Structure formats: C-alpha cells, structure tokens
Amino acid sequence: MGANFDVLRASVTNERDLLIAIWVHGSDTGSLRGLLNTVDGDDVAEGAVWQFTGSFLPVWLTEAWVAPRTGSPPPPPTGPPATTDLAAYRAYAATAGEIMGVLIGEAQDRGALSGLTYTFTDTHDSNTVAWGNDTTIKVSPGTDLMAVLNSLVDTGACEWDMDGTELRLYNFGTRGTDYTTTNPPVILRGGATLIDSPRKFTVQDAGTSLLVAGGEGVYATADDATALARRGRRVERFASQGTITDSGTMTAYVETKLATIVNGTMELSHSIADSFDQPMPFRDFTTGDWVWSDTGYGLERLRVQQVALS
C-alpha cells in the first residue's frame, strides 16, 4: 500500500468523509478543496488497488436545503399575493448576492455549511462591482442550494466559483481572466502543451423558437429570425424555469435562453501534457478563464468550462 494509506482508510468510511486540500503550487495558497467520500478496494486480493474518490468542495452546497416558510409570503410589487405553495421562498427584484446570502445564512444558523465563507454582498459581487441585474424567483422547500445557484446562473443573474472554502459570485459574464490579452498570452499548442484535442459539433438540440414555462402560470416565447433563415425551417424548443414567477423576468430570460440554443453546441477537449515550461491548469489558468488554442489551424479563443484531474 502507498504512503499514508492507513490514514486514508481509517478516515473515509461509511460513516464519515474527509476534507482534503490538493496543493497545485507546492503550498496551500490557491489549493483545491474537496471531500473524499467513496472508497473502493479488495480486502483479500494480492496487489489490490484501492481507489479514493470524491467531489470538489462546491458539493457542500448540496448539503443544505431551502427551509419551508411560515406565515404569509411577502407581497409581490404588483399583482395579487400568492395563494399556492405558501411555504416556498420568494424573492422579488433581488440580486443573486441577496438571495444566496439569505439562504446560506439560514443554513448556517441551522448548523449546516460550517466553514463556508463568501465575499459578495446584497449590492456588490465578489469583484466589488455593483450587481448589474436582479431577478424574481420562487424556490420550493427542500431544494438544495446548489440547485438554487444553478438556477441563478441559468437565468443570467450571476456566475460563481470557489476559492478554498470561499464561495464567490460574479456578475454574469465577468468570472475569470482573459489570458488572450495578457503579455504573454496563454496559448495551448498542439505538439507542445496538447496531447490530443477531440472536437464534437451537434445541432441536435438547437432551435429557432423557444417556449419557456415559469412558475405560477407564467409563459413566454421568443423567435430568432436569423436562425430561422439559416436552418430553413422553424425548429421549436421548450424549457422550464419554475423559479421565475413574474412576466418581466420571464421575458428577459426567454431572450437570453434562446441565444444559447440557436447555434447548437461545440465540445472541445484538451488533454494537457505535464510540462513545467508549458501552461498548466490551476497554475496558469482555471475554469472561467479565456485562453488561446492552437491545434494547427490558427489561434482559437476559448473559455475554459471544466478542468478534470486524473
């Protein structure tokens, strides 16, 4: 068995998990936090290899739920008060910082999310920039906070990441650093940094028109004339966003959502060589950052969506 196997084996069981730090720069500064929660091995077989797996620390947000409300829900700015799902959490014209701050605070008052910190406020994101938009949402009791956060991202209210145990929220589209404009820029080159670079295109789920169903009977539609001309036929798609309960927020959302589906998707993966003199994830760039990719057909500006370690 490897070094410290007995420590890991004793620390990760069917009764508890283990908080770890992965040092990527030789120190705790900028380290990645995660939870080891799964162990797989053989007690008898000779040469058995035990695997310890888990999740990075954002999984914490799945460990806290939205509590049911008591009493009368807050009245909406316009229209009649809610008469159904009265235990749901409702926020009207609120920023992502305000919404997540309330829900995290309630969870920590219950004893959940111990150790989680954040720097955003009701009025400013984690870059200390004033929030540029707000949203109106309804969230049913029992929804975990990761689902709430993903809903806020989906509606264009914010983007997010975690630095150690600190949750950071940003105005939508402002997370990360544009390393294509730095001197020198970050360039991932075939034959140097890149081992392989598989690419996949699909328009299977793309559409020219979108219908979105919100909460409490709110619906909205949008069409894209340019996409319709390009495809040569009307392609209708549907989405639901039950957290939106007012027509103004829904109108803005359906236009934003349609823009993300008219062109289909492109998936581009890079396997990166472990070389000190070439750009490396977490040291030179991370998720949300913009980099150049050079696979032999000229520079291509890409945003990093995910980094996986193996």
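**Salt bridges, a sheet and a helix**

Arg168 has a relative accessible area of 25% and is partly exposed (buried means under 20%, exposed over 50%, partly exposed in between, with a 1.4 Å probe and protein chains only). The model is predicted, so local features are given only at pLDDT of at least 70 and side-chain atom pairs only at pLDDT 80 or more, while totals for chains, interfaces and linings use all residues. Residues are numbered from 1 along each chain as its sequence is written, and side-chain values use heavy atoms, without hydrogens and water.

Arg168 forms a salt bridge with Asp163, and their closest N and O atoms are 2.9 Å apart (a salt bridge is a side-chain nitrogen of Lys or Arg within 4 Å of a carboxyl oxygen of Asp or Glu). Asp163 is also partly exposed, because its relative accessibility is 34%.

The whole structure holds 13 salt bridges. Among them is the pair Asp161 and Arg175, with 3.8 Å between the closest N and O atoms. Asp161 belongs to strand 7 and Arg175 to the loop between strand 8 and strand 9 (187-189), so this bridge ties together parts that are 14 residues apart in sequence (helices, H or I with at least four residues, and strands, E with at least two, are DSSP runs numbered from the N terminus). Asp161 is buried at a relative accessible area of 18%, and Arg175 is buried at 18%.

Another bridge joins Arg189 to Asp294, where the closest N and O atoms are 3.2 Å apart. Here Arg189 lies in strand 9 and Asp294 in strand 17 (residues 290-294), so the pair ties together parts that are 105 residues apart in sequence. Arg189 is partly exposed at 36% relative accessibility, whereas Asp294 is buried at 18%.

Strand 5 pairs with strand 8 in the parallel sense over two bridges, and Tyr118 stands opposite Leu167 in strand 8.

Next comes helix 3 (residues 145-154), whose buried residues are Leu145, Met146, Val148, Leu149, Ser151 and Leu152. Their cover includes helix 2 (96-109), strand 6 (135-139), strand 7 (159-163) and strand 8 (166-170). At the start of helix 3, a side-chain oxygen of Asp144 comes to within 3.0 Å of the backbone nitrogen of Met146. Just after the helix, Gly156 has a positive phi of about 80 degrees.

Thr245 counts as buried because its relative accessibility is 16%. Leaving out residues up to four places away in sequence, Thr245 touches Thr136, Lys138, Gly215, Glu216 and Val218 (contact means heavy atoms within 4.5 Å).

Strand 14 also contains Phe238, which counts as exposed because its relative accessibility is 54%. Leu211, Tyr219 and Phe238 make a nonpolar surface patch of about 340 Å². Patches consist of residues with over 30% relative accessible area and no salt bridge, like charges being joined within 9 Å and nonpolar side chains (Val, Leu, Ile, Met, Phe, Trp, Tyr) within 5 Å. Accessible areas come from the Shrake-Rupley method with a 1.4 Å probe, and for residues only the protein chains shown count as cover.

Definitions and conventions. A polar contact is a pair of N or O atoms within 3.5 Å; within protein, one must be able to donate a hydrogen and the other to accept it, and residues adjacent in sequence count only if both atoms are side-chain atoms. Two strands pair if DSSP finds at least two bridges between them.
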